[in-house]
Amino acid sequence: MRCGIYTRKSSDEGLDQDFNSLDAQYEACASYIASQRHEGWKLVRNRYDDGGISGGTLERPALKRLMDDIEAGRIQMVVVYKIDRLTRSLADFAKLVERLEASGCSFVSVTQAFNTSSSMGRLTLNVLLSFAQFEREVTAERIRDKISASKQKGLWMGGKYPLGYDKHPDPQKRTLVVNETEAETVKALFGLYRNIGCLRAVEEEALRLGLRSKQQTFANGREARARPLSRGQIYYILRNPLYIGEIRHKDKTYPGQHPPIITPDLWANVQAKLQSASRRKRGDGKKQTPASFLLTGKISDDRGDPLTPTSTRKGKRTHRYYVSNRLISGGKDPAAWRLPANHLENSIASIIADHLSLSLTVAELFDGLGVQQITALQDRLKELAKSIQTDERHIISGLVAHVRVEPEQVHVCLDQGYLAERLDVEIREINPAGLSFIVPWHIKRRGIESKLILGDEKPVPDLTLIKLLAQAHKWAEEMRCGTPLKKVAERTGVTPAYIRTRVKLALLSPKIQKAIFEGELDPKFTTNRILTSKIPLDWGAQETLFLQ
C-alpha cells in the first residue's frame, strides 16, 4: 500500500529554519508508516508540503498534486499528523472524502489513532473535524473582535499606507504620522473637487498639475511607484475619513490617534457634493449620452457582438437599451439582443455584489493570506458590495472589465486595477484567475427585446394585464346582473366592441388567472396577443394553449 504524507502550516513563520514544523510533521508520519510495514505500507518518495497556507481553502498546490496522484492510482493511503492539517472545513472534507472514496483511497491521522477505512473511524473523523472547524471560526471571531476593539481606540490596524501618511517611527505605536509632501497632494485634491464638483474634471486637472499616487517600498523589497491618479483613486481619497482624523470600521467611524490633514468644514463640503452627484437624476427629459450607460464598451452578446447603448422616447419618458451592434448596422436578426438598460445594469450590479459578499471570494482573489489579512479583506469586499447595492451603483462602470451575456449564463470579468484601488492593495497581490466568474440566468424573450432572470428571481407580474383582468371581471358581473352591454360601455366611456374583446379575459381558467397574478405566465403572451387569440371555452384547452 503506497502511502503519501501531507503536511501543512498556516503561517510562513519559521519555515526558513533548517528543521521546521513541516519537517517535524513529516518525520512523525514517516515513523508511523514504518511501524505499519508488516501491513504492507510503503512511503512514496514525493513530499506534499503546503507552507504558509490556511486550511480554510482547498486551493493549495501540494494538496492538488496529492489529489492528482491519488486519482492516478499512485497513492492508496494519505497520512497526516492531525486531521486539521488536511482541512478544517466540513464542507471541504465532504468533497475530499468523495474524491478519496472514488479512487479507493483512505487516510490516517497519526496523533488521533483512526482511519477512514472503518465506519467508526469516519464517525470519529466527523466529530474531530467539527471541533476543528469550530476552533477556526472562534479564532476568526477573536481576530475580528480584536480589530474592532483596536479601531474603536483609534489604532491603525495595518495594510497599505494611505497617501498623506507614513508608518510611525516607533514600531510599538500602531498609528500614523503625516507625510507633509503627500499631504499637500491630498489637500489639493479636496480643494479641486470643492471648486469643480466633477471627478472627471478633477482627474484631468490632477494630471495637469502632476499629482501622483503614493510611492513606497514594502517589507519584501517590492516597490510601488508613484503614478498619475485615476478617477477611482481620487474618489477613494475623497471618501476616506482617515483624512479628518478618524478610523473607519465597516459602516462606523471612530476618533483616530493620528493627526488630520483636512479640516472638518472642507470634508463636509466635499461629502455633500459627492452625495449630491450620486443622487443626480439622469434621463428626465434630457438627451441620453454614452456616459449615462454604465456598461458602455464593456458588454457583448453570445456571438461576441458588442451591445451598443441606444434610447427611445415615449411621451416624457426616455427608455434606455443595450442592443446588439448588428441590429444597428445590419438590420433584422432574430438572434440579436435588445436588453433594457436599467434592468441589465441592476442585474450586473446585483451579481457583482453577491460575488464580493462571498467569503470564498477572498481565497479566489488572493493566495497565501493569514487569518487577519483574510478578515480585513472580507470586510472591505463586503463594504464594496454594500456600496454597489445602495447609492453607488455607478461603481460597476469602473469595476467591470467585460461582461458577456448568453442565453443561460453571464460571464463577468472584474477590472484588476480598479479593484486593487478600492481594496487598497497592490495590483500584483490580486490573482487574475479570481477576477472572472460565471453566474447562471435565463432569458425571457418578447420579440427582439429580452429580459434577464437571475437564478430564482421572483417573477414580476404584468400590471397592465392584471388591471385589465380586474376590469373584465367587473364588466362581466354587471352584464351578469342584467345591465346591457351598451349601458356598460357608456358608463365606462368606451365602445361596446372594446368591452366585447376584453371581457373574455374573465372567462379564462382559474389556473391561468393565477399565473397572471403571480407573474408566471410566459412573457410571450402579451395583452395584445391574448386578446387577438381564439380562446376556447374549455378550461383544459385554455391551459394547454397558455400554460404548456
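**Helix crossing and aromatic pairs**

Helix H8 passes helix H15 in a right-handed crossing, the near helix being turned clockwise from the far one by less than a right angle. The model is predicted, with local features needing pLDDT of at least 70 and side-chain atom pairs counting only at pLDDT 80 or more, while totals for chains, interfaces and linings use all residues. Residues are numbered from 1 along each chain as its sequence is written, and side-chain values use heavy atoms, without hydrogens and water.

**H8 and H15**

- The axes (lines fitted to C-alpha atoms over the stretch in contact) of H8, residues 231-238, and H15, residues 416-423, come within 9 Å and cross at roughly 15°, which makes H8 roughly parallel to H15 (angles under 35 degrees).
- Gly232, Gln233, Tyr235 and Tyr236 in H8 meet Tyr418, Glu421 and Arg422 in H15, where contact means heavy atoms within 4.5 Å.

**Aromatic pairs**

- With ring centres required to lie within 6.5 Å, the count comes to 7 aromatic pairs.
- Trp475 and Tyr498 form an edge-to-face pair, 6.2 Å centre to centre with 75° between the planes.
- Ring pairs link Tyr165, Phe190, Tyr243 and Trp267 into a cluster.

How values were computed
Axes fitted to C-alpha atoms, helices over the stretch in contact; angles between N-to-C directions. Helix = DSSP H or I, 4+ residues; strand = E, 2+ residues; numbered from the N terminus. Parallel < 35°, antiparallel > 145°, perpendicular 65-115°, else oblique. Phe/Tyr/Trp six-rings, centres within 6.5 Å; stacked < 30°, edge-to-face > 60°.
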